Amino acid sequence: MAIDTSLKSSGSRRGGGPAPTAGSRRPRRRRPGRLWVKAVVALLLVIEVYPLLWMFLTSLKSNSDYLNNSTWSLPTHWEWSNYSEAWTTGNIGLYIRNSLLAVLPALALILLLGTAAGFALQIMVWKGRNLTLLIFLAGMMVPAQMILLPLFTVYFQTGLSGTLWPLILTYTGTGLPLTVFMMATYYKTVPRELFEAATIDGAGILRAFWTISLPMVRNAVLTVGLVQFFFLWNDLLIALTFTNNQDLRTIQVGLLNFTGDFGATQYGPLFAAICINVFGTLVIYLFLNQKVMKGLTSGAVKG
C-alpha cells in the first residue's frame, strides 16, 4: 500500500512526471550584460598593458633592428646590455639622483605646510579663514608658464641658479594650493568633538595637530603625497627651465636629451631608460595602491 500511494502522489504532480531532484536543475544562463562588461574590461586591460609590453620589447632591440625592421616585430637579438648602457652612458643613475634630491625635499615641505594649513583652515576658528582658502584656490588657476620668467630672474639675481634650490622652491610653491585644498577637504571628515575633548584635557594646538589630527588623516596624507610625487617626478617644463647644467638634469630632462657615445640617439638604451623610469614609478603605485584607495574614499564622507 505504501508503494502504491507514493506512485499515485508522484503521478498527481503537474505534467505527470517525476519530482525534480537537485541534480536535475538546469544551469542558469549568463546574462549578456556581464559578458559585455568582461569584454570591455579585457579591452581596457589590453589597451593599458600592450604599450608597456611594446616598450619593454623595444628596449631589447639593437639600433639597426629598430630602424630597419617593423615597429611591431620582436627583437632579432635580445640586447639586455641596453639597460647597462642606459645606466652608464646615458647617466640615468645621475638623473634619478637629481630627481630624488629635488622632489623629496619639496614633497616633504608640501605635505608639512599643506597639512598644517588644512588643519588651520578647517579645525581652527579665526576670522578670514574662508578668504584665505579662496586665495589658496586662486593659486591653482595661475598657469606655470606665467611664473617661470619672473622666477628665473629672481633665482639668477639671488645666486640660486646652478643649484637644485630653484626646483625645490618652485615645486613647493606650485604644489601647495592643491594640497591645501585636498587636506582641508579631508579634515571635514574628522569629528570636532575629538579636538574639543583634547582642549578640555589641556592639549594645545600643536599637540592636537601632531597627536590627534595626523594619525586620523594619514591615509589622506599618503594619497596626496603620492599624487604630488607623480606630478613633480614627471615635470619637464620647470626642470627644463631651471637646470642649465648637465649635472643637474632630472630624469625627464635627461630622457629628452638622451644621446649615445657620438651624439646620435640610441633607441634601445633610450627605451631601456624609459622602462626604468616607468616601471619604477609603477611599482611604487602598486605597492601603495590600497592606501591610496582608502585615502580617496575617506574624503567623500562629508561634503
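Among contacts between residues at least 6 apart in sequence, what percentage join residues at least 24 apart? I looked this up for the chain and got 73%. I note here that the model is predicted.

**Entry: the chain overall**

I counted secondary structure next. The chain has 15 helices and zero strands. I then checked burial. Of the 303 residues in the chain, 33% are buried. For the accessible surface I have about 19,200 Å². Carbon and sulfur atoms account for 66% of that surface.

**Entry: Arg249**

I went to Arg249 and asked where the residue lies. Arg249 is in the loop between α12 (237-242) and α13 (251-256). Is Arg249 buried or exposed? I found Arg249 buried. I looked for a salt bridge and Arg249 has none. Asp247 is the nearest side chain of opposite charge, and Asp247 is 8.3 Å away. The cut-off for a salt bridge is 4 Å, from a side-chain nitrogen of Lys or Arg to a carboxyl oxygen of Asp or Glu.

I listed the contacts of Arg249 too, setting aside neighbours within four places in sequence. They are Tyr95, Asn98, Gly254 and Asn257.

**Entry: the cavity**

I searched the whole structure for cavities. How many cavities of 30 Å³ or more are there? The search finds one. The largest cavity has a volume of about 40 Å³.

I wrote down the lining of the largest cavity. Ser99, Ala102 and Val103 are in it, along with Tyr171, Leu232, Trp233 and Asp235. Thr250, Ile251 and Gln252 complete the list. I then sorted the lining by element. At least two lining residues come from each of α5 (92-122), α11 (218-233) and α13. The largest share is from α5, with three residues.

**Entry: the largest pocket**

I turned to pockets. The largest pocket has a volume of about 440 Å³. I find 17 residues lining this pocket. Which of them are closest to its centre? They are Gly139, Val142, Ala144, Thr174 and Gly175.

I sorted this lining by element as well. Two or more residues come from each of α7 (144-157), α8 (165-187), α11 and α12. I checked which element gives the largest share of the lining of the largest pocket. The answer is α8, with six residues.

**Entry: looking back**

I compared the two lists of elements. I see α11 in the list for the largest cavity and again in the list for the largest pocket.

How values were computed. Residues numbered from 1 in each chain as written. Predicted model: local features only at pLDDT ≥ 70, side-chain atom pairs only at ≥ 80, totals over all residues. Heavy atoms only, no water. Helix = DSSP H or I, 4+ residues; strand = E, 2+ residues; numbered from the N terminus. Buried < 20%, exposed > 50% of the residue type's maximum accessible area, 1.4 Å probe, protein only. Contact = heavy atoms within 4.5 Å. Areas by Shrake-Rupley, 256 points an atom, 1.4 Å probe, with all protein chains shown as cover. Lys, Arg positive; Asp, Glu negative; His and termini not counted. 1 Å grid on protein atoms, 1.4 Å probe; cavity = no way out; pocket = protein on both sides within 12 Å on 5 of 7 lines; lining within 4 Å. Points joined across faces, edges and corners; volume = space filled by probe spheres on them.
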